[in-house]
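Student: I'd like to work through this structure with you, one question at a time. Can we start with the words we'll need?

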Protein chains: 2
Amino acid sequence: MPEVKFIFIAAVSLDGKIGRNPNETSTVWTSQEDKKFLNDILNKIQVIVIGRKTYEIAIKPLSKRRCIVLTSQVEKIQQKSDLCYFFNPDAVNLKVFISELGFSQAAVLGGTKTYDTLLSQGFIDEIYLTIEPIIFGAGLSLFSKKLSILKNLKLDYVKKMNEDGSILLHYFLTNQP
Amino acid sequence: MPEVKFIFIAAVSLDGKIGRNPNETSTVWTSQEDKKFLNDILNKIQVIVIGRKTYEIAIKPLSKRRCIVLTSQVEKIQQKSDLCYFFNPDAVNLKVFISELGFSQAAVLGGTKTYDTLLSQGFIDEIYLTIEPIIFGAGLSLFSKKLSILKNLKLDYVKKMNEDGSILLHYFLTNQP
């Protein structure tokens with residue numbers, strides 16, 4: 001079975017927020033270049049891990065992609081369609097499940113609760129972070145749970161995406177077990 | 001009188017936090033390169049604006065610099081020493097005060113409440129943001145107050161500061177009144 005790598009993908013405001021409120025999709029405020037980046041990378045990574053609320057907001061563009069939707073509403077795993085599973089991450093090991101499906105990479109798209117869950121389970125190997133040149137002032141954080149052991153990363157690259165100065169950062173985790 | 005520019009300076013974790021808790025100084029987790037950058041820029045900008053709590057944590061290195069310490073503990077302005085003023089930003093106009101002192105730039109060093117106060121008063125012209133390659137999971141946000149009008153910025157430059165991938169971003173505000 002392949003070893004599964006979890007690749008976090010997020011767009012944040014300059015002040016580190018993934019959105020202003022839980023009902024807002026990132027499509028409202030992210031740049032065209034970030035939307036293209038996201039589409040391109042999702043064409044390469046064959047499995048998406050996403051929280052139920054975020055999934056429901058973005059259900060239309062996601063319906064053609066293989067999604068594992070994290071939720072406490074199912075006991076373990078419930079297959080909803082050819083491509084969609086509802087999955088309780090407190091009851092089943094997500095890494096083992098994806099590996100058994102035959103995939104070696106998963107794109108983690110959020111929101112905060114999903115990022116928190118995978119981070120706390122140690123299921124994080126890379127991060128693609130887009131920083132848009134905008135200040136929200138307040139909003140939803142990328143993560144919300146304090147870590148007992150801080151995670152260190154190494155920057156792979158930083159890339160300017162457009163003239164306004166949207167930037168894309170790619171990091172690898174360095175202190176994975 | 002000179003027109004005063006407010007230059008926000010902050011170091012954040014990858015997940016957008018300026019610290020893990022209110023009593024932790026950034027010196028614990030920021031890179032040597034960021035410390036040098038901060039020292040160099042404070043040698044050029046002659047006035048520091050800082051919140052009282054942050055000032056008290058960093059009082060030793062700040063004692064030789066001109067500081068305007070924001071606090072609600074004074075009615076208007078109280079001069080504490082040759083270089084230090086306690087200043088109530090709800091009672092007096094900070095921009096006018098700094099201009100009357102004869103300075104054209106102020107470095108805004110935080111914490112969250114100070115960043116919030118100046119942001120809401122529109123006293124923000126540039127941002128230097130260092131992003132350290134570390135995840136906190138939870139902590140203090142750069143800003144905490146929702147803005148009615150979002151602030152847009154333009155990236156001036158991004159610079160890799162070291163091998164681990166601490167990066168320095170410099171932005172100008174674009175929709176200033």
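Tutor: Strands (E, at least two residues) and helices (H or I, at least four) are DSSP runs, numbered from the N terminus. This is a predicted model, where local features need pLDDT of at least 70, side-chain atom pairs count only at pLDDT 80 or more, and totals for chains, interfaces and linings use all residues. Residues are numbered from 1 along each chain as its sequence is written, and chains are lettered from A and ligands numbered from 1 in the order in which they are written.

Student: Which strand of chain B do two bridges join to strand E11 of chain A?

Tutor: Look at residues 151-160 of chain A, which form E11. A:Asn152 has B:Ile134 as its bridge partner. The two strands run antiparallel, and the one in chain B is E9(B).

Student: Which strands stand at the edges of the open sheet?

Tutor: Read the order of the ten strands: E5(A)-E6(A)-E4(A)-E3(A)-E7(A)-E1(A)-E8(A)-E12(A)-E11(A)-E9(B), with mixed pairing. An edge strand here has a single partner strand, so one side of it is left without a neighbour in the sheet. That gives strand E5 (77-79) of chain A and E9 of chain B.

Student: How many residues of the side of chain B that touches chain A come from E11(B)?

Tutor: Take contact to mean that the C-beta atoms of two residues, placed from the backbone, lie within 7 Å. By that rule, 31 residues of chain B are in contact with 31 residues of chain A. E9 (134-135), E11 (151-160) and E12 (167-173) of chain B each supply at least two residues of that side. The largest share comes from E11(B): seven residues.

Student: Which strand of chain A do four bridges join to strand E1?

Tutor: Start from residues 5-13 of chain A, which make up E1 and run parallel to the partner strand. Then find A:Phe6, which stands opposite A:Ala106. The partner, residues 105-108, is strand E7 of chain A.

Technical notes. Pairing = 2+ DSSP bridges.
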